[in-house]
Amino acid sequence: MAATAAAAPSDAEPLLAAGDPHVVLNKAGVIVRAGVSKSSALVGEVGLDGMVAVDAYAKDERGTVRLRLASPRGWVSAKLLRPLSVVEAVGRSGASLVVVYAVNAKVGAKWYYGWLRDVLLADVDAVFVPVGDDFFGEAGRRRAAWLPANGDDRVAARARLLAGAARCLVVWNDFEHDRSVVERFVDAAPCPLALFHVGDERTSDALAAWEPSWPGREKSDSKSWPEAIRADFEALEREDPAAAKAADLRRLYGKCGCVLRCYRDEAYGDLGNVLAVPLGYKTGFRKPPGGAARTNAWAFAGQGTKSSRRAMLGALGALPGTRASHVSEALDWDAPGNLATDAYARLLASAALAPCPVGWIHPDSFRLYEALECGCLPVVERPAYFAALLGDDLAGSLVAATAGWDAADVSRLAALLADGAALEARRARCAAAWAAKKVSLGRDVRAHLDRYL
């Protein structure tokens with residue numbers, strides 16, 4: 001995965017979306033300007049005690065933090081605003097949906113906020129309240145020893161902060177919190193509650209479909225897995241067996257008004273209130289400006305030894321044309337050797353094809369949607385999964401490969417690259433289907449919330 005380090009700030013490139021409701025502190029109000037620079041054009045003013053929604057921040061030429069308002073659209077000085085608490089935001093927003101962003105800042109704010117705000121909730125009047133990963137009253141890595149459960153009174157106290165909200169969507173990262181704590185929180189919530197469940201890669205249908213097709217692997221034998229993956233998976237199974245997890249989630253989902261979840265899983269397919277949504281792309285990720293020529297046949301950045309990637313990189317090396325790749329074995333997305341976000345986007349925009357292999361287990365990845373944003377043709381290993389998740393129009397324009405990335409895959413990709421007109425036509429069809437899908441996702445999510453919440 002490419003690193004999330006930001007490029008040098010500019011008016012056109014905020015550092016990181018924040019999503020906070022704020023209130024104006026300055027007695028004289030605040031002046032809103034078109035750009036980060038204080039010398040940019042005047043847009044408007046907001047008076048003392050006015051509530052505003054902040055959707056990004058950046059630093060001006062002097063290094064001063066500036067905040068971008070959603071409305072009036074423009075930039076103000078950070079020191080003149082104060083973020084609202086959950087109680088204040090619920091009481092003052094008047095929005096039809098309060099989104100409590102209860103995930104850690106490193107992963108959640110950088111990856112999920114923009115996708116949720118700009119695509120999934122594009123048709124929903126919502127206010128975002130990022131509260132951090134201690135909101136449920138208990139935080140800790142799931143793979144470490146779970147912390148002792150807090151008393152019900154502490155969990156319920158956090159739930160009571162939502163009193164007065166018409167509807168609430170809680171963004172929950174499965175890797176950060178004990179599910180029993182979240183379930184107690186849902187039980188105590190004083191308003192109709194939905195979950196946006198992220199970070200649940202280890203899904204039952206992914207395991208069932210992927211395990212038999214692992215190159216060189218016997219159907220029920222994990223010994224042929226790479227050692228790091230095998231040990232990690234077996235430790236996770238001992239701590240939190242997949243069957244127990246699925247039973248926990250079915251119970252939790254049943255207590256919620258509705259659920260949006262990343263990673264489609266047939267284990268929950270019979271639950272009408274559960275809607276599977278794509279992972280989407282990193283907050284702030286976008287195609288580089290301009291229409292630079294696609295000089296590379298394919299582009300890939302990420303770990304080279306995970307799952308099928310050794311076979312993939314070996315096979316793609318036989319394709320004609322140049323390539324743009326950045327292979328790193330660092331597990332941390334922010335590792336110093338990884339690409340910065342803007343460099344990663346430029347790498348993708350330079351290529352016609354973007355191989356999108358599975359991660360540790362699951363076929364879905366941020367890489368797929370980043371490639372779509374940059375106008376590449378993604379090459380995926382499990383087209384049937386994406387047909388169910390994305391629909392026939394978009395999934396049908398993706399390029400399919402086997403888990404082994406064999407000679408037949410190489411021949412098909414070489415033939416596609418050799419026919420420039422057909423390649424460009426397919427890229428255009430894929431881009432149009434992706435643009436339409438983002439619009440339909442907003443409609444689908446709004447309909448789901450309106451029906452079940």
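The model is predicted, so local features need pLDDT of at least 70 and side-chain atom pairs count only at pLDDT 80 or more, while totals for chains, interfaces and linings use all residues. Residues are numbered from 1 along each chain as its sequence is written, and side-chain values use heavy atoms, leaving out hydrogens and water. The protein chain has 15 helices and 18 strands; these are DSSP runs numbered from the N terminus, with helices being H or I of at least four residues and strands E of at least two. Of its 453 residues, 53% are buried, meaning under 20% relative accessible area with a 1.4 Å probe, protein chains only.

**The sheet**

- Five strands form an open sheet with parallel pairing, in the order β15-β14-β16-β17-β18; two strands pair if DSSP finds at least two bridges between them.
- β15 (323-327) and β18 (399-400) are the edge strands, each pairing on one side only.
- β17 (residues 377-380) runs parallel to β18, and two bridges join them; V379 has V399 in β18 as its bridge partner.
- Helix α15 (residues 420-452) packs on this sheet and touches β16 (351-356), β17 and β18, where contact means heavy atoms within 4.5 Å.
- The direction of α15 makes about 85° with that of β17; axes are lines fitted to C-alpha atoms, for helices over the stretch in contact, and angles run from 0 to 180 degrees between N-to-C directions.

**Helix α12 and what follows**

- Y385, F386, L389 and L390 are buried in helix α12 (residues 383-390).
- These residues lie on the same side of α12 because they cover an arc of only 100° around the axis, taken from the directions from the helix axis to the C-beta atoms.
- G391 comes after α12 and has a positive phi, near 90°.

**S397 in its loop**

- S397 sits in the loop between α13 (392-395) and β18, and is buried with a relative accessible area of 0%.
- Its side chain reaches the backbone oxygen of L394 at 2.8 Å.
- Not counting residues up to four places away in sequence, S397 touches L377, R426, R429 and C430.

**Helices α14 and α15**

- Helix α14 (residues 407-418) packs against α15 at an angle of about 95°, with the axes 5 Å apart.
- That makes the two helices, α14 and α15, roughly perpendicular, a label for angles of 65 to 115 degrees.
- Here L416, L417 and A418 of α14 meet G420, L423 and R426 of α15.

Methods:
Buried < 20%, exposed > 50% of the residue type's maximum accessible area, 1.4 Å probe, protein only. Polar contact = N/O pair within 3.5 Å; in protein donor to acceptor, adjacent residues only side chain to side chain. Parallel < 35°, antiparallel > 145°, perpendicular 65-115°, else oblique.
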